[in-house]
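Hi,

Here is the structure I promised to pass on to you. Have a look at it first, and my notes follow below.

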Amino acid sequence: MAAAIERLQKTARDNPLAAVAAAATAAVAAPAVARGLKLTTAFLASLRTSKRHGRIDGYNDLHNKEEADDRNDQYADLVDSYYDLATEFYEWGWGACFHFADRRGRETFAQSLLRHEYYLASRLALKAGDCVLDCGCGIGGPARNIARFTRAQVTGITINQFQVDRGNALCKQEGVSHLAKLVQGDFMNLPFKDNSFDGVYAIEATCHAPDRAKCYGEILRVLKPGATFACYEWCLTDAYDGSERHKKLKKDIEVGDGLPDLVHTSVCTKALADAGFDIVEARDCALDGLLDGGDPWHTPLTPSWNPLSWPRFQFNPIMFFLMPRILTFLELIKLVPAGTSKTQVMLQAGGIGCADGGVTGAFTPMWLMVARKPLK
């Protein structure tokens, strides 16, 4: 130890600028490294007590069926199984807001997610005290952010009970349980009275619905007359050409992200009109950030060798190779449950499919639709 300290002192004397730069780098990196270690420790502790990852084989069996009709018929089990498997990985690798966003100017990853959420909330023209529904809320990251931003009363609904429990714990932890709460339920059959909400939004969630028109119809039912629904949808674009590459990325997205079927933008827009909405706007937001010199939405899924560049670091070839093997070893010594490694491989495939969808332009996770419930 003394020798090491002496070497550091000699380096500082011989090259003071390098020493200052190294100290500054360490000071900047230390909080991020500490936060990463804290998140990883919490992630592994949660996995260790999890009983959910045994569902991976049943989930894979559903996606091994060739026809989307089979998955549509069993969508509730498919989606519930998926989020039992994926939620802890999402929170560890991405954060509490389970969605994409383009990057603009000098935004950080976290800032881009917030801006993306606030823009959608702005389309609802909310005010303090309004009752708002987050349709497919995950663990409630956007619900908490939008509740703080607007002071509206946000109710999030998710089919997965683990997400409800985790989300409500975070609402309490962050001091917003008086503004945001999560409930368990199916957005194909919403457990709310007619005309209950002043606004409804969905962020990359209703792509899990087996029947878009029925899902949008339920949202129409619970909205007050004249109120607005705004959403970001996962869709295939006009660039999708049915080639083998495009078919593969479509399948990877469906398997890796718990989707019964991935459909074209026109299918969603037509379904919204068929449900009875007056459509205000429908467009792809995927390239908006490039106008400001920013990065496309799929950049976080591209590999990086910088361990501080999260979540990109986990997609570099070494991490890609090591993670399944590390988790398999942890399964063998009983530190994480059986099925954890298979879950991680499934999620990796989804990330690769999304990234390729972004690169080719064949897929967008942010088909914006804004629509109003007629007054009569």
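This is a predicted model: local features need pLDDT of at least 70, side-chain atom pairs count only at pLDDT 80 or more; totals for chains, interfaces and linings use all residues.

Aspartate 252 is buried, with a relative accessible area of 15%. This residue forms a salt bridge with lysine 248, and the closest N and O atoms are 2.7 Å apart. As background, an α-helix has 3.6 residues a turn, so residues three or four places apart point the same way.

**Other salt bridges**

The count for the model comes to 21 salt bridges. One of them joins the side chains of arginine 148 and glutamate 174, at 3.1 Å from N to O. Arginine 148 belongs to helix α7 and glutamate 174 to the loop between α8 and β3, so this pair ties together parts that are 26 residues apart in sequence. Arginine 148 is partly exposed at 35% relative accessibility, and glutamate 174 is partly exposed at 36%.

Another salt bridge links lysine 224 with aspartate 198, whose closest N and O atoms are 2.9 Å apart. Here lysine 224 comes from strand β5 (residues 223-236) and aspartate 198 from strand β4, so parts 26 residues apart in sequence are tied together. Lysine 224 has a relative accessible area of 31% and is partly exposed; aspartate 198 is also partly exposed, at 22%.

**Helix α7 and what follows**

How many of the ten residues of α7 are buried? Eight are, so the helix is largely enclosed by the rest of the structure. The buried residues are Gly141, Pro142, Ala143, Arg144, Asn145, Ile146, Ala147 and Thr150. They pack against α6 (109-122), β1 (131-135), β2, α8 (161-173), β3 and β4.

After α7 comes arginine 151, in the loop between α7 (141-150) and β2 (153-158). Arginine 151 has a positive phi of about 65° although it is not a glycine. Most residues other than glycine have a negative phi. At 42% relative accessibility, arginine 151 counts as partly exposed.

Asparagine 195 is another residue other than glycine with a positive phi, near 55°. Asparagine 195 is found in the loop between β3 (180-184) and β4 (197-203), and is partly exposed with a relative accessible area of 38%.

**The interior**

Which residues touch the most other members of the largest nonpolar core? Tyr201 and Trp234 do, in a core of 45 residues. Leaving out residues up to four places away in sequence, tyrosine 201 touches several residues, including Leu120, Leu124, Val132, Pro142, Ala143, Ile146 and Phe229. Apart from that core lies another, of 31 residues, among them Leu133, Ile157, Ala202 and Ala275. In soluble globular proteins, nonpolar side chains tend to be buried together.

Threonine 155, in strand β2, is buried too, with a relative accessible area of 11%. Not counting residues up to four places away in sequence, the contacts of threonine 155 include Val132, Leu133, Asp134, Lys181 and Phe197.

Phenylalanine 315 lies in the loop between β6 (278-284) and α12 and is buried, at a relative accessible area of 15%. Beyond four places away in sequence, phenylalanine 315 touches Pro300, Leu301, Thr302, Pro303, Phe320 and Gly351. The C-alpha atoms of phenylalanine 315 and glutamine 348 are separated by 8.1 Å, and the two residues are 33 apart along the chain.

**A nonpolar patch on the surface**

Finally, Trp305, Ile318, Phe321, Leu322 and Ile326 form a nonpolar patch on the surface, and together they have about 510 Å² of accessible area. One of them, isoleucine 318, is in helix α12 (residues 317-332) and is partly exposed, with a relative accessible area of 47%.

Definitions and conventions
Residues are numbered from 1 along each chain as its sequence is written. Side-chain values use heavy atoms; hydrogens and water are left out. Patches are made of residues with over 30% relative accessible area and no salt bridge: like charges are joined within 9 Å, nonpolar side chains (Val, Leu, Ile, Met, Phe, Trp, Tyr) within 5 Å. Accessible areas come from the Shrake-Rupley method with a 1.4 Å probe; for residues, only the protein chains shown count as cover. A salt bridge is a side-chain nitrogen of Lys or Arg within 4 Å of a carboxyl oxygen of Asp or Glu. Helices (H or I, at least four residues) and strands (E, at least two) are DSSP runs, numbered from the N terminus. Buried means under 20% relative accessible area, exposed over 50%, partly exposed in between (1.4 Å probe, protein chains only). A nonpolar core is a set of buried Ala, Val, Leu, Ile, Met, Phe, Trp, Tyr and Cys residues joined through side-chain atoms within 4.5 Å. Contact means heavy atoms within 4.5 Å.
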